Amino acid sequence: MDFSLLSEALTSKSYEKVADTCEEHMLQVAAEGVAFQDDWPYAIHLLGHIYAGDINSMRFLWKSMPATLKEGNPEVIAAWKIGQKLWMRDYGGVYEAIRGYDWSQEAQGLVAAFSGKFF
């Protein structure tokens, strides 16, 4: 799969484009019949929705994710934890969830930008 548009958005720090870029690409590969679930950057996709303030879309993405990723991918779990805390308006918990995980290089900038925007 070609994630060049997503990589470009992350590299250029155009974080407001991340969720939409992921959504468009997901629809495209699904329409082509490509099995994408195992290779999909779900943590980045969740964080993109969080950055955009679209908690409902984040929740729907979570519901559509394979259970193996929800249970076995620590970065996806950490991103979901941020979303859960936002949903519950537990802003102290949001801060703890952000600080409580060692984010991948791809996610660090997005998480830092959200944290700076939020706190």
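Reader: Which residues does I44 touch, leaving out those up to four places away in sequence?
Author: This is a predicted model, and in it I44 sits in helix 3. I44 counts as buried because its relative accessibility is 6%, and buried means under 20%. Not counting residues up to four places away in sequence, I44 touches L6, L10, V18, E106, A107 and L110.

Reader: How far is I44 from A79 in space, C-alpha to C-alpha?
Author: Along the sequence, I44 and A79 are 35 residues apart. In space, their C-alpha atoms are separated by 8.3 Å.

Reader: Is H49 buried or exposed?
Author: Let's stay in helix 3, which runs over residues 42–52 and holds H49 too. Setting aside neighbours within four places in sequence, H49 is in contact with A19, E23, D54, S57, M58 and L61. Its relative accessible area is 3%, and the cut-off for buried is under 20%, so H49 is buried.

Reader: D54 was on that list, so how exposed is D54?
Author: D54 is in the loop between helix 3 and helix 4. Its relative accessibility is 29%, which falls between the 20% and 50% cut-offs. That's why D54 counts as partly exposed.

Reader: What distance separates the C-alpha atoms of D54 and A19?
Author: Both of these residues are contacts of H49. D54 and A19 are 35 residues apart along the chain, and their C-alpha atoms are separated by 9.1 Å.

Reader: Where do the buried residues of helix 4 lie around its axis?
Author: Helix 4 covers residues 55–64, and its buried residues are I55, M58, L61 and W62. They cover an arc of only 115° around the axis, so they lie on the same side of helix 4.

Reader: And which exposed residues are on the face turned away from the buried side of helix 4?
Author: The buried side has its cover: what lies over those residues includes helix 2 (18–31), helix 3, helix 5 (67–72) and helix 6 (74–87). The face turned away from the buried side carries the exposed residues F60 and K63.

Reader: What does Y42 touch, not counting residues up to four places away in sequence?
Author: With residues up to four places away in sequence not counted, Y42 touches M26, F36, Q37, L61, M65, P66, L69 and V76.

Reader: How many helices and strands does the chain have?
Author: From the N terminus on, the elements run α-α-α-α-α-α-α-α. The secondary structure comes to 8 helices and 0 strands.

Reader: What radius of gyration does the chain have?
Author: The C-alpha trace spans about 40 × 30 × 25 Å along its principal axes. Buried residues make up 41% of the 119 residues. A compact globule with 119 residues would have a radius of gyration near 14 Å, so the chain agrees with that, at 14 Å.

Reader: Which UniProt annotation covers residues 39–116?
Author: In the model, that span is 79% helix and 0% strand, and its end C-alpha atoms lie 29 Å apart. The annotation comes from an unreviewed UniProt entry and reads "domain: CSN8/PSMD8/EIF3K".

How values were computed
Residues numbered from 1 in each chain as written. Predicted model: local features only at pLDDT ≥ 70, side-chain atom pairs only at ≥ 80, totals over all residues. Heavy atoms only, no water. Helix = DSSP H or I, 4+ residues; strand = E, 2+ residues; numbered from the N terminus. Buried < 20%, exposed > 50% of the residue type's maximum accessible area, 1.4 Å probe, protein only. Contact = heavy atoms within 4.5 Å. Arc of directions from axis to C-beta. UniProt positions renumbered as here; feature names shortened; annotations may be inferred. Rg over C-alpha atoms; globule rule 2.2 N^0.38 Å.
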